[in-house]
Amino acid sequence: MSSFGEVHRVLEQLEEYHSKLNSNSQNVELKIAIEKIISMFKTSLIQTLLDINEFYNDTLINTRKSHLQKIDEAKRMAERWSPSFPSSSNNNNSLNSLSNEWHTEQIVFEKGQIGLGLSITGGLDQPIAPNDTFIYVTNITPGGAVAKDGRMKIFDIILKVNNIDTTAVPHNVAVQALKDSGNIVKLYLKRPVNKKKMFNSYYNNTYLNGVTKKTVSESLERLPGVRRIELYKTSSGLGFSIAGGVGNEHVPGDNGIYITKVIEGGAAYTDGRIGVGDKIICVDETSLQNVTHEFAVQTLKSTGNKVSLLYYNQNSLSNESFLQEGCDFGYQFPTQPRTITLVKGNQGLGFNIVGGENGEPIFVSYVLPGGVADQSGNVRKGDVLLKVNGIPLDYASHTDAAGTLKNATNPVTLTLQYREDDFKAFEKKIDQLRNEMINGFLDEEDNIYVKALFDNTSASQSSHRSIKFQYGDILHIVNSNDDDWWTAEKVNTFGERISEKGFIPSKRKVEKREKQKRKQFNIKQMNRSLGGTKRNVIEHNKLKYWEEAKLHREDYTGTDFTTTDDGSDSEDYNNEIIYSYEPVEIIQINYVRPVIILGVLKDRINDELIRRQPYRFAPCIPHTSRLPRDNEVNGKDYYFVSKSQMEYDVQNNVFIEAGQFQNNLYGTSISSVIDVANEGKHCILDVSGNAIRRLQTQANIQPIAILIKPRNHQQLMEWDSSLSEEDAKVMYSRALRIEKNFKDLFTSIVCGSTFEEILHNIIEVINNNSQSHAWIRSRNIKL
């Protein structure tokens with residue numbers, strides 16, 4: 001476009017398009033935006049004309065773009081050239097308005113059995129910024145179908161899922177479209193040509209006031225008290241956590257981004273110059289003033305290996321107006337009571353508590369990395385929990401406090417007080433008790449601890465002092481002299497007493513009661529055996545079990561594969577093991593424990609754990625004797641070895657589980673599990689119950705083993721409406737069979753009404769058993 005005539009023609013085209021738009025409500029926004037463009041055009045530079053020409057050709061007459069897309073891009077173009085500086089409320093929400101230079105792409109790939117492996121945000125009901133209703137990719141899970149395809153990027157915009165337009169839909173519509181996408185998935189994506197524009201605030205926009213990006217950094221560095229530091233990322237990144245931002249103030253009255261945690265061994269820790277309480281105002285050439293928390297996180301994530309930070313040291317902040325009077329976030333965390341508000345997510349509030357006995361306060365003992373509490377930056381280990389939604393916990397027991405937190409409705413208001421010295425004294429007392437238990441310093445009579453292998457939820461017939469407990473609870477047996485009733489007290493994972501002393505049925509009484517039940521059951525079964533023999537019924541049930549099992553799992557047969565049958569159809573029902581109590585002892589754990597989940601929903605739960613918290617959970621790499629397929633990489637998808645080598649390794653107990661499928665061997669090795677633990681993650685294992693025992697005996701590794709148990713077959717039909725009643729009964733019978741065969745190996749048995757409730761309960765079990773110690777079966781004590 002070199003002549004004025006061509007320039008004039010561009011304006012006429014735009015005015016003609018505008019005049020043809022009728023005045024119905026659908027076109028009002030588009031007409032107003034175009035009018036603004038025409039008005040600014042008459043006073044702008046020739047460069048504006050060139051951009052309008054591109055806008056006309058690529059947007060307005062582009063039949064592939066929806067009406068809402070045209071409105072959105074017209075608004076962004078108008079806002080880009082607005083002569084007034086954008087208001088502060090929009091400074092941090094400009095991800096979608098900084099550039100109209102977009103790259104669009106269509107990708108098609110196979111989902112397979114591993115799932116998509118991505119997280120999204122945005123939508124009409126959850127816009128990431130005003131007037132920005134696009135669906136953005138926020139996370140790509142390693143090992144998922146998207147990651148294996150490799151073309152999608154973090155912060156890509158999803159325009160279509162197969163034939164479903166997702167440019168202006170509610171968030172749940174996009175989620176459902178992805179869930180229902182089928183095995184072959186076609187996605188339409190777009191991203192800015194210059195991706196840095198997605199992460200630069202208006203302070204760095206070269207169109208504003210003629211200020212270059214370099215000038216922004218230099219001008220900020222000239223402010224009094226500002227310091228510069230350059231860090232080189234390690235394997236754990238920069239090694240610090242942040243809080244704050246617009247709408248998520250860490251310091252009252254200040255939208256700044258503050259460092260709330262420095263991770264030992266990370267880049268920041270090694271350098272030593274920045275610490276908790278420092279305020280970051282610039283990352284490389286991107287300002288973090290008046291931005292959202294999400295924008296700051298994404299900016300830090302998008303940096304290279306070398307990162308330049310501008311920051312205020314916590315000492316210099318005392319001379320600035322960033323802190324309100326009486327709220328010092330300097331070297332010491334505030335020790336006066338403070339009130340914070342959290343919104344409970346699917347994983348709860350994200351912290352554990354201890355205390356509540358013998359007059360001890362309720363302490364926060366653990367803050368889950370990446371959880372709600374951690375992201376707020378306002379909850380820390382050593383806080384005392386004073387109130388929950390106005391309910392005082394000054395004299396609450398541990399059980400009462402846990403129940404209050406569990407039942408609290410959103411938004412959850414907490415009153416906390418940081419008491420570092422009190423918590424250290426509490427920890428010292430617990431450590432001393434733990435060491436005494438580990439080293440056997442307590443008297444023999446007081447050193448009997450058991451894990452309950454059944455639920456005792458009904459009231460005792462002997463006394464109102466009966467203790468109710470559930471499978472997996474740890475009990476301290478105080479007196480076991482009586483044949484029928486023992487005196488005991490419940491303890492938590494630290495060995496701290498969490499109940500008053502009371503009565504529990506003795507091992508002998510539990511076994512006697514169970515034998516009576518079995519005897520009555522046998523009489524009823526004999527009365528019902530009018531047709532066919534008992535043996536025929538057993539054979540029929542066994543056949544139904546294997547028909548169902550083949551639907552849900554590859555039926556490995558061959559070397560070292562042990563099925564979950566384990567004689568579960570034995571006719572000698574009366575002589576089956578009766579589970580009551582298991583003697584346990586506490587040991588030190590110096591590794592991240594692997595997680596094994598069995599039962600219905602286990603595959604979906606495993607996928608969700610890895611998808612939602614990839615920094616915490618990961619699968620291990622299996623071995624196989626088959627040849628690699630196209631695009632499969634040794635050491636990433638599988639370890640490809642010869643069949644003779646695998647058979648040799650099986651004989652030498654290298655694998656916790658191995659088997660044969662279509663004449664190829666597959667196996668999960670102990671070393672693969674250890675590799676994931678060395679990365680600081682829980683290894684998610686898709687194995688049978690036999691692998692729990694092999695890990696314990698062959699590798700001396702104590703997994704967190706969880707069984708998902710439906711309440712009945714009707715609940716299975718509620719979870720999956722496509723199940724017939726017969727199939728649901730088969731699946732429920734299989735769940736009971738798994739429980740019977742491996743009941744002494746589980747850390748916990750989890751129930752729930754919905755998938756989210758079950759997932760929440762499982763994460764809670766994992767959190768409670770991710771300490772530096774564990775209760776394991778004692779070989780030295782016999783009941």
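Is Lys306 buried, partly exposed or exposed? At 45% relative accessibility, Lys306 counts as partly exposed, where buried means under 20% relative accessible area, exposed over 50% and partly exposed in between (1.4 Å probe, protein chains only).

This is a predicted model, in which local features need pLDDT of at least 70 and side-chain atom pairs count only at pLDDT 80 or more, while totals for chains, interfaces and linings use all residues. Residues are numbered from 1 along each chain as its sequence is written, and side-chain values use heavy atoms, with hydrogens and water left out.

**View 1. A salt bridge joins Glu230 and Lys306.** The closest N and O atoms of the pair are 3.5 Å apart, a salt bridge being a side-chain nitrogen of Lys or Arg within 4 Å of a carboxyl oxygen of Asp or Glu. Glu230 lies in strand 7 (residues 226-232) and Lys306 in strand 12 (residues 306-312), so the pair ties together parts that are 76 residues apart in sequence; strands (E, at least two residues) and helices (H or I, at least four) are DSSP runs, numbered from the N terminus. Glu230, at 35% relative accessibility, is partly exposed.

View 2. Glu511 is partly exposed at 21% relative accessibility, and Lys507 is partly exposed at 24%.

**View 3. Glu582, Arg693, Asp744 and Arg777 are linked in a network of salt bridges.** By the rule given for View 1, the count of salt bridges comes to 22.
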